[in-house]
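Subject: The structure we talked about

Dear colleague,

I am handing over the structure below, and after it you will find an account of what was found. Please keep it open while you read, so that you can look up each place as it comes.

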Amino acid sequence: MKFNLNLKEVEGYISQLLTNDIGKLLFATSGGGYLSTINIAARDCKLVVGSSKSNLYTFNWGQFGYHSDKFPGVKASMNEMIPITDWIACVAGEASTIRAVHVAPFRNLGMVGQHTMVIEPLDISNNGKLIASSSHNNDVRF
């Protein structure tokens, strides 16, 4: 699963996902009033999203009506997810932990970081060696 993405971060939450007629662009609107466009070069992809119900859902590209797979996470909302490799992502949220997960097949790889409060933003360095996270008490950790 190789992604060629051009991303611009939005504020708040993603409120809607739509594709263009040829299915190569994914449009995302946010609660902050922003529109983001994700350019996915290959149609033969999967989209993995987190949820407020603590699950990760996989959608087959072009079939966004219902998820094709579900992975139960921790018992809290997953607010943030960043790709680490083509198959591994880090997820964080209300559980105050950062967990590495393998997305196909779904496997919890373990906890890679922790805060004392809800984690909101996550980012990864350009060289892929550091993950930065911040929590509601303004702590920043690497």
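The largest nonpolar core has 9 residues, namely Val48, Leu56, Phe71, Met78, Ala89, Val91, Val101, Val103 and Phe106. A nonpolar core is here a set of buried Ala, Val, Leu, Ile, Met, Phe, Trp, Tyr and Cys residues joined through side-chain atoms within 4.5 Å, and buried means under 20% relative accessible area, while exposed means over 50% and partly exposed lies in between (1.4 Å probe, protein chains only). Two or more residues of this core come from each of strand E8 (88-93) and strand E9 (97-103).

Before going on, please note that this is a predicted model, in which local features need pLDDT of at least 70 and side-chain atom pairs count only at pLDDT 80 or more, whereas totals for chains, interfaces and linings use all residues. Residues are numbered from 1 along each chain as its sequence is written, and side-chain values use heavy atoms, with hydrogens and water left out.

As for the chain as a whole, its secondary structure comes to 0 helices and 13 strands, where helices (H or I, at least four residues) and strands (E, at least two) are DSSP runs numbered from the N terminus. Of the 142 residues in the chain, 31% are buried. The accessible surface comes to about 8,800 Å², and 52% of it belongs to carbon and sulfur atoms; such areas come from the Shrake-Rupley method with a 1.4 Å probe, and for residues only the protein chains shown count as cover. Among the contacts with a separation of 6 or more, 28% are between residues 24 or more positions apart, a contact being heavy atoms within 4.5 Å.

Strand E8 is largely enclosed by the rest of the structure, because 5 of its 6 residues are buried. Strand E7 (residues 78-83) runs antiparallel to E8 and is joined to it by 5 bridges, and two strands are said to pair if DSSP finds at least two bridges between them. Within this pairing, Met81 of E7 has Val91 in E8 as its bridge partner, and the two strands form a hairpin with 4 residues between them. On to the next strand, E8 and E9 also pair in the antiparallel sense, over 5 bridges, with Ala92 standing opposite Ile98 in E9.

Which residue takes a positive phi in the hairpin of E8 and E9? It is Ser96, with a phi near 65°, in a hairpin that has 3 residues between the strands. Ser96 is not a glycine, and with a relative accessible area of 10% it is buried. Asn138, in the loop between E12 and E13, likewise is a residue other than glycine with a positive phi, near 70°, but Asn138 counts as exposed at 66% relative accessibility.

Finally, how many salt bridges does a search of the whole structure find? The search finds 1, a salt bridge being a side-chain nitrogen of Lys or Arg within 4 Å of a carboxyl oxygen of Asp or Glu. Asp139 forms it with Arg141, and their closest N and O atoms are 3.7 Å apart. Asp139 is partly exposed, with a relative accessible area of 29%, and Arg141 also counts as partly exposed, at 35%.

With best wishes
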